[in-house]
Amino acid sequence: MASTERLYFSDPFLHRFSGRVISHAMWNGAPSLVLDRTAFYPEAGGQMADRGVLGGFAVKDVQADDAGVVHHVLELPEGKGLPELGAELAGEIDKARRRVHMALHTGQHMLSRALVDVANAHTVSARLGETLCTIDVDLDVLDEAKVAEAEELCNAVIDDDVRIRSFFPTPEELADLPLRRKPKVTENIRVVQIGDFDVSPCGGTHCTGSAQVGMIRVVGVERYKGKGRVVFSAGRRARGELWQEAGTLRGLSRSFTCGPSEVPVVIEKLRRDLTDAREALGAARAKLADQAAVELVAALEKSPDNRVVAVLDGAGPESLRAIAARLTSRPESVVLLAGRAPEGLAVLIARGSGSSFGCGAFLKRLAEAAGGRGGGRPEHAEGRLPPGTDFPALVASLLG
């Protein structure tokens with residue numbers, strides 16, 4: 001079967017076209033349609049496939065096989081077959097999606113070039129996803145300052161609005177081109193040239209002028225599988241992300257009754273205030289825990305079986321541990337504590353060094369009886385019981 005003529009090679013802005021059905025095929029178990037020519041870009045080179053409408057049916061996937069045949073997978077109603085062979089079909093590309101892909105792919109070329117020039121970091125792979133775009137380079141660590149410099153260089157090229165040319169050079173022309181990387185194919189090599197800035201082999205859809213990219217924005221720098229990774233965005237997607245973040249910042253400034261530029265100062269003050277409040281709360285809890293421990297020690301001393309059962313309002317796991325540590329200093333002691341909160345009871349069961357009480361096993365029985373959860377060792381166990389549990393009565397019933 002002859003390879004499909006790809007109309008986007010000559011005009012990436014072509015959104016409407018017509019093509020003749022030359023074959024019915026299969027792609028990954030789904031019926032696919034093959035045309036003599038198409039403007040739909042098939043997924044390849046890290047770029048996602050186009051979407052749109054073909055012959056009145058939604059196109060849900062576009063792929064190309066090794067022979068260069070483009071397969072269009074349609075969303076067909078139940079019982080509906082593919083358009084017949086020889087039919088002339090009208091196709092329409094999802095313009096907004098294509099335009100985003102053009103900016104992202106061109107932006108990737110530019111950022112890959114800039115990373116070489118600024119950081120001597122060569123791209124080993126790139127992925128343009130639905131929400132995330134990444135470039136992985138051959139350095140395990142990337143200097144964020146260098147990446148920021150590369151981003152600035154790209155946006156300067158965008159401001160200059162240099163011409164972007166996509167073409168199939170002759171073998172002689174190809175030999176003279178300063179390609180950033182080697183072609184992945186040996187014939188019909190297509191080259192994308194961004195002014196005097198970058199020359200790379202690529203079969204994707206690209207802008208025809210650098211200003212059409214709009215902007216390139218680095219979102220993050222990280223280490224991934226032993227390589228440096230740059231997360232980036234470009235064009236309409238980058239603008240949308242910035243507008244969303246700006247809206248969040250304006251919302252915060254309104255909440256804090258300050259200007260957007262003052263939000264970091266206000267947040268830092270709130271962070272300091274929160275730290276001070278946490279320290280004060282911790283001191284208050286420690287004081288309450290000491291007071292509770294004193295009262296429970298007195299109760300433990302009066303207990304004929306060296307056991308104490310108590311429910312402490314507002315006590316969390318940390319407070320319960322502090323109190324239990326005081327009580328279990330008595331070798332024969334068994335401590336069964338619960339801290340009551342709106343979300344339920346935090347439970348702690350512990351024993352002194354001279355006791356043989358099975359804390360973990362008893363907590364398991366408690367959890368099963370009350371519909372809670374928890375576990376632990378024979379000497380110490382923790383868990384949680386549902387709100388409204390009558391802890392002292394439940395303990396008494398299980399202890400017999």
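Biologist: Which strand does A64 lie in?
Modeller: A64 is in strand β6, which covers residues 57-64. Keep in mind that this is a predicted model.

Biologist: Is A64 buried, partly exposed or exposed?
Modeller: A64 is partly exposed. The relative accessible area of A64 is 25%, and buried would mean under 20%.

Biologist: What is A64 in contact with, leaving aside neighbours within four places in sequence?
Modeller: A64 is in contact with R6, W27, P42, V69 and V70.

Biologist: And S112? How many Å separate the C-alpha atoms of A64 and S112?
Modeller: They are 25 Å apart. Along the chain, A64 and S112 are separated by 48 residues.

Biologist: Switching to the whole protein. How many helices and strands?
Modeller: The protein has 8 helices and 20 strands.

Biologist: Is it a compact globule or more spread out?
Modeller: More spread out, because the radius of gyration is 34 Å, well over the 21 Å that the globule rule gives for 400 residues. Along the principal axes, the C-alpha atoms fill a box of roughly 100 × 55 × 40 Å.

Biologist: What percentage of the residues count as buried?
Modeller: 42% of the 400 residues.

Biologist: And the accessible surface? What does that come to?
Modeller: About 20900 Å² for the protein. Carbon and sulfur atoms account for 51% of that surface.

Biologist: Contacts next. Of those between residues at least 6 apart in sequence, what share joins residues at least 24 apart?
Modeller: That share is 59%.

Biologist: Last one, charges. How many positive and negative?
Modeller: The protein has 49 positive and 53 negative charges. Their mean positions are 4 Å apart.

How values were computed. Residues are numbered from 1 along each chain as its sequence is written. This is a predicted model: local features need pLDDT of at least 70, side-chain atom pairs count only at pLDDT 80 or more; totals for chains, interfaces and linings use all residues. Side-chain values use heavy atoms; hydrogens and water are left out. Helices (H or I, at least four residues) and strands (E, at least two) are DSSP runs, numbered from the N terminus. The radius of gyration is taken over C-alpha atoms; the globule rule is 2.2 Å times the number of residues to the power 0.38. Buried means under 20% relative accessible area, exposed over 50%, partly exposed in between (1.4 Å probe, protein chains only). Contact means heavy atoms within 4.5 Å. Accessible areas come from the Shrake-Rupley method with a 1.4 Å probe; for residues, only the protein chains shown count as cover. Lys and Arg count as positive and Asp and Glu as negative; His and the chain ends are not counted. The place of a charge is taken as NZ of Lys, CZ of Arg, CG of Asp or CD of Glu.
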